[in-house]
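Please look over the sequence and the structure shown below before reading on, and keep both in view while working through the points that follow.

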Amino acid sequence: MGHIGTYLVPRLVQEGHEVIAVSRGNRKPYHDTGIWRFVTPVMLDRAHEEADRAFGARIAALGADAVIDLICFNQESAEQMVGSLEGRIGHYLVCGTIWVHGHSTVVPATESLPRMPFGEYGIRKAEMEFWLLRRAHQSGFPATILHPGHIVGPGWVPLNPAGNFNPDVFRDLAAGRKLTLPNLGMETVHHVHADDVAQAFCRALACRSSSLGEAFHVVSPAALTLRGYAEAVARHFGKEASLSFLPWEDWKRAANPADAGATEDHIMHSPNSSIEKARARLGYDPRYSSLEAVFESIDWLADHGWHI
Ligand SMILES: NC(=O)c1ccc[n+]([C@@H]2O[C@H](COP(=O)([O-])OP(=O)(O)OC[C@H]3O[C@@H](n4cnc5c(N)ncnc54)[C@H](OP(=O)(O)O)[C@@H]3O)[C@@H](O)[C@H]2O)c1
């Protein structure tokens, strides 16, 4: 089970649902509690099944009242699911991403802003969202889409204050070493704890009539600037951040290509999303601020010798 599933599946069981968890069986939950005994695992490889145009039918045959689809990345996958589930299901909840917005215009961005996605991942997710919600509005297919931000939780490396996943950034801040940020450090990142994503899916399921045909952002109450994030992480470890800044092209040249690619993607998006719609219609009430979510996660990393 992945980031979201680790929290979502136990929540669903606790709420009294009978849960079937579909995956290839490669991943284990980050925290294994006894509650997983009450979950029926089903092994399926979506990629293989979709290639045979069989995945939707395999899911429909499970006879569920609701399907929560955490790994739908494009319209073709959604079409296969809807083709098989239409008329047989009460609710289809899909995981999107705040990347569907592309460049922000007005911030915090609301769900009603026009989509201007860039990059393969955001474009495909936005196409999928558009198709699915149009289908919901035109033919009443019971779909809802939730858009998480950067998902955080103990057990994996969170998006760091340089906008990439290199754990050395946290290590350096914790040790009071110098960190160089791109530009003025004023670009933004918007995290969310995986358990808050799970909460939002449960709320959307419970508030079916308010969520049908709708998209919702699922992030923490507020985005962070890279600079503010770096300073807070250093303070968390009892240090003052020692920051310097470089124009983007110079920063990029000095970084390793994997880090530079991740940072470029994140600062170009610089997400800052509103959760007012999810609060009002679903009662979404995130337990974690961005920093609380990140601190829980990096404390876990520090406790594990920063090895992951
Ligand atoms: N991570 C983020 O920061 C982030 C941010 C915004 C949106 N999202 C969205 O969140 C969703 C992913 O959530 P996540 O972060 O929880 O992902 P994740 O940690 O990678 O978990 C993915 C889950 O899907 C299963 N899976 C992967 N490939 C499969 C396949 N071919 N067939 C069947 N099962 C498969 C995995 O288990 P097995 O490997 O055992 O099959 C695992 O349980 C995606 O829709 C993504 O676009 C993520």
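In this predicted model, the buried residues of helix H11 are Asp259, Thr263, His266, Ile267 and His269. These residues cover an arc of only 160° around the axis, which puts them on the same side of H11.

**Helix H11**

- After H11 comes Ser270, and the phi of Ser270 is positive, near 35°.

- In soluble globular proteins, nonpolar side chains tend to be buried together.
- The largest nonpolar core in this model has 73 residues, and those with the most contacts inside it are Val94, Leu146, Val197, Ala200, Phe201, Val218 and Ala230.
- Helix H7 (residues 194–206) gives the largest share of this core, namely eight residues.
- Is helix H7 enclosed by the rest of the structure or left open? It is largely enclosed, because 12 of the 13 residues of H7 are buried, and among them are Ala194, Val197, Ala200, Phe201 and Leu205.
- The 13 residues of H7 should span 18 Å at 1.5 Å a residue, and the 19 Å between its end C-alpha atoms agrees with this.
- Leaving aside residues up to four places away in sequence, Ala230 touches Pro161, Leu173, Leu179, Leu181, Gly185, Ala241 and Leu243.

**Ile151 in strand E6**

- Ile151 lies in strand E6, and it counts as buried because it has 24 C-beta neighbours inside 10 Å, where 20 or more are needed.
- Which residues does Ile151 touch, not counting residues up to four places away in sequence? They are His3, Ile4, Val192, Ala194 and Val197.
- Ile151 and Val219 are 68 residues apart in sequence, yet their C-alpha atoms are 8.5 Å apart in space.

**The shell around the ligand**

- There are 21 residues around the ligand, and those that come nearest are Gly2, His3, Arg24, Asn26 and Arg46.
- The elements giving two or more residues to this shell are helix H1 (3–14), helix H2 (46–51) and strand E6 (150–152), and the largest share, three residues, comes from H1.
- By residue type, the shell divides into nine nonpolar, eight polar and four charged residues.

**Helix H5 and its neighbours**

- Helix H5 has 20 residues, and the distance from its first C-alpha to its last is 28 Å, close to the 28 Å expected at 1.5 Å a residue.
- The buried residues of H5 are Gly122, Arg124, Lys125, Ala126, Met128, Glu129, Leu132 and Ala136, and they pack against helix H4 (75–85), E4, strand E5 (143–148) and strand E10 (214–218).
- Gln75 lies in helix H4 and, not counting residues up to four places away in sequence, touches Glu127, Met128 and Trp131.
- The C-alpha atoms of Gln75 and Glu127 are separated by 6.1 Å, although the two residues are 52 residues apart along the chain.
- Gln75 is partly exposed, with 18 other C-beta atoms within 10 Å.
- H5 is followed by Gly140, whose phi is positive, near 75°.

**Backbone features in loops**

- Most residues other than glycine have a negative phi, and most peptide bonds are trans.
- The peptide bond from Val107 to Pro108 is cis, with omega near -5°, and Pro108 has its place in the loop between strand E4 (91–95) and helix H5 (120–139).
- Arg53 has a positive phi, near 55°, and is found in the loop between H2 and helix H3 (55–60); with 12 C-beta neighbours inside 10 Å, Arg53 counts as exposed.
- Asn183 has a positive phi, near 55°, and lies in the loop between E7 and E8; with 14 C-beta neighbours inside 10 Å, Asn183 counts as partly exposed.

Technical notes
Residues numbered from 1 in each chain as written. Predicted model: local features only at pLDDT ≥ 70, side-chain atom pairs only at ≥ 80, totals over all residues. Near = placed C-beta within 6 Å. Helix = DSSP H or I, 4+ residues; strand = E, 2+ residues; numbered from the N terminus. Nonpolar A, V, L, I, M, F, W, Y, C, P; charged D, E, K, R; others polar. Arc of directions from axis to C-beta. Core = buried A, V, L, I, M, F, W, Y, C linked by C-beta atoms within 7 Å. Contact = placed C-beta atoms within 7 Å. Expected span 1.5 Å × (residues − 1).
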